[in-house]
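I opened the notebook to look up how this chain is put together. Entries follow in the order I made them.

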Amino acid sequence: MSQAAKVLQLFKTLHRTRQQVFKNDARALEAARIKINEEFKSNKSEASPKKIEELLKIGSDVELLLRTSVIQGIHTDHNTLNPLSVHLDPALSLLWKE
């Protein structure tokens, strides 16, 4: 796969992950959308294949971090949080080998 195709694939993957992780949180969705777009735009003119590979690695690491580490609660009043409904992806069990 060409580097350009890898960059586009990562861009799309980050946006899909953003939509899944921050579902029902308009502020977080918008902030993540802006950040992803800014980062890709700021590196748009990068020509070094080595630097592009490094940026792809960073982007992949960020996507994994978002997918596996973000937990959101629902604020209902000033003193409590609603119980969280946590969905653990079976693929994540590979991360916790004992």
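**Entry: cores**

I began with the largest nonpolar core, which has six residues: Val21, Phe22, Ala28, Leu29, Ala32 and Leu66. For the term, I noted that a nonpolar core is a set of buried Ala, Val, Leu, Ile, Met, Phe, Trp, Tyr and Cys residues joined through side-chain atoms within 4.5 Å. Buried means under 20% relative accessible area, exposed means over 50%, and partly exposed is in between (1.4 Å probe, protein chains only). Helix 2 gives the most to this core, with three residues. I also found a second, separate core of five residues, with Leu10, Leu14, Ile52 and Leu56 among them.

**Entry: ground rules**

I am reading a predicted model, where local features need pLDDT of at least 70, side-chain atom pairs count only at pLDDT 80 or more, and totals for chains, interfaces and linings use all residues. Residues are numbered from 1 along each chain as its sequence is written, and side-chain values use heavy atoms, with hydrogens and water left out.

**Entry: the whole chain**

I counted elements next. The protein chain has three helices and zero strands, and from the N terminus on they run α-α-α. Helices (H or I, at least four residues) and strands (E, at least two) are DSSP runs, numbered from the N terminus. Of the 98 residues in the protein chain, 17% are buried. I then looked at contacts (heavy atoms within 4.5 Å). Among the contacts in the protein chain with a separation of 6 or more, 59% join residues 24 or more positions apart.

**Entry: helix 1 against helix 3**

How do helix 1 and helix 3 cross? The axes of helix 1 (residues 3–21) and helix 3 (residues 49–69) come within 10 Å and cross at roughly 20°. That makes helix 1 roughly parallel to helix 3. Axes are lines fitted to C-alpha atoms, for helices over the stretch in contact, and angles run from 0 to 180 degrees between N-to-C directions. Angles under 35 degrees count as roughly parallel and over 145 as roughly antiparallel. The crossing of helix 1 and helix 3 is left-handed: the near helix is turned anticlockwise from the far one by less than a right angle, while clockwise would be right-handed. Residues of helix 1 in this contact include Leu10 and Leu14, and those of helix 3 include Ile52 and Leu56. I sorted the contact of helix 1 with helix 3 by class and got nine nonpolar, five polar and four charged residues. Here Ala, Val, Leu, Ile, Met, Phe, Trp, Tyr, Cys and Pro count as nonpolar, Asp, Glu, Lys and Arg as charged, and the others, Gly among them, as polar.

**Entry: helix 1 against helix 2**

The axes of helix 1 and helix 2 (residues 26–42) come within 9 Å and cross at roughly 170°. That makes helix 1 roughly antiparallel to helix 2. This crossing is right-handed. The contact of helix 1 with helix 2 divides into eight nonpolar, three polar and two charged residues.

**Entry: Val21 and Ile71**

Which residues does Val21 touch, not counting those up to four places away in sequence? Val21 touches Leu66, Arg67, Val70 and Gln72. I then checked Ile71, in the segment after helix 3. Ile71 is exposed, with a relative accessible area of 64%. Ile71 and Val21 are 50 residues apart in sequence and 8.2 Å apart in space, C-alpha to C-alpha.

Technical notes. Angles under 35 degrees count as roughly parallel, over 145 as roughly antiparallel, 65 to 115 as roughly perpendicular and the rest as oblique.
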